[in-house]
Structures are given as structure tokens and as C-alpha cells.
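These entries record what I looked up in the structure shown below.

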Amino acid sequence: MRVISAEILEVDLDLREPTDLPFEAGQWISVPFGPKNVRAYSIASTPLPKIGPGLKATLASYGIETAADVASRTVSAVPGFGATRTKELLLWRQ
């Protein structure tokens with residue numbers, strides 16, 4: 001499998017029977033990137049242990065506003081977010 005963009009994947013399958021294909025050969029398949037509706041979960045409106053309004057505002061200033069924005073690397077780069085708070089956000093995102 002080769003990633004073409006964040007939204008579309010090119011799938012190479014080696015199937016013995018061409019009738020096993022869920023799509024026609026050469027057809028592009030659109031695959032949603034990331035968990036479904038993950039952008040709908042706002043950090044600001046969610047009660048999170050150890051993360052109050054001030055830290056939520058700091059996250060927002062770094063562009064981390066929804067569950068879709070939460071990643072270990074991006075959150076741990078925010079001042080005030082060490083291993084414990086980063087872990088809290090990652091668990092919430094799941």
C-alpha cells in the first residue's frame with residue numbers, strides 16, 4: 001500500500017480471483033483519515049482531569065483544539081504538558 005495523500009490511499013492487492021475485488025481494477029478508493037467524527041470533540045468543552053481552562057487556552061494557541069489535533073509529539077511540545085498531561089489527552093482521544 002502506498003499513501004498518495006492524507007485522504008486517498010492506493011491499494012495494491014495480490015488476489016488470485018479477480019472476482020474477490022470489492023472494486024474495479026484501477027478504481028480509486030476514498031478512505032477517511034483518522035477516527036470518524038474526531039473533529040467533533042472539542043477540548044475546551046470537555047472536562048479533563050489536570051487540564052483546566054488556562055491549559056486548554058494554551059493548547060488552542062498551539063492549534064490543538066479538537067481530538068483530531070491531539071498527538072503525542074504536538075501536545076508534548078506545548079509548555080505545561082509533560083508526560084502525565086500528554087497521556088491524559090491521548091487516553092481521552094481514544
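Entry 1. How many helices and strands does the secondary structure of the protein chain come to? I found three helices and three strands, and I note that the model is a predicted one. Reading from the N terminus on, I recorded the order β-β-β-α-α-α.

Entry 2. I then looked up the totals for the protein chain. Of its 94 residues, 20% count as buried. The accessible surface comes to about 7,000 Å², and carbon and sulfur atoms account for 56% of it. I also examined contacts between residues at least 6 apart in sequence: 43% of these join residues at least 24 apart.

Entry 3. Which residues form the largest nonpolar core? I listed 11 residues, namely Ile43, Leu48, Ile51, Leu55, Leu59, Ile64, Val70, Val75, Val78, Phe81 and Leu89. In soluble globular proteins, nonpolar side chains tend to be buried together.

Entry 4. I turned to helix H1, which spans residues 53-61. Its buried residues are Leu55, Lys56 and Leu59. Viewed down the axis of H1, these buried residues fall within an arc of 105°, so they line one face of the helix. An α-helix has 3.6 residues a turn, so residues three or four places apart point the same way. Pro53 and Ser61, on the other side of H1, are exposed.

Entry 5. What covers the buried residues of H1? I noted that the cover includes helix H3 (83-93). Finally, I checked what follows H1 and found Gly63, with a positive phi near 85°.

Terms used. Residues numbered from 1 in each chain as written. Predicted model: local features only at pLDDT ≥ 70, side-chain atom pairs only at ≥ 80, totals over all residues. Heavy atoms only, no water. Core = buried A, V, L, I, M, F, W, Y, C linked by side-chain atoms within 4.5 Å. Buried < 20%, exposed > 50% of the residue type's maximum accessible area, 1.4 Å probe, protein only. Helix = DSSP H or I, 4+ residues; strand = E, 2+ residues; numbered from the N terminus. Contact = heavy atoms within 4.5 Å. Areas by Shrake-Rupley, 256 points an atom, 1.4 Å probe, with all protein chains shown as cover. Arc of directions from axis to C-beta.
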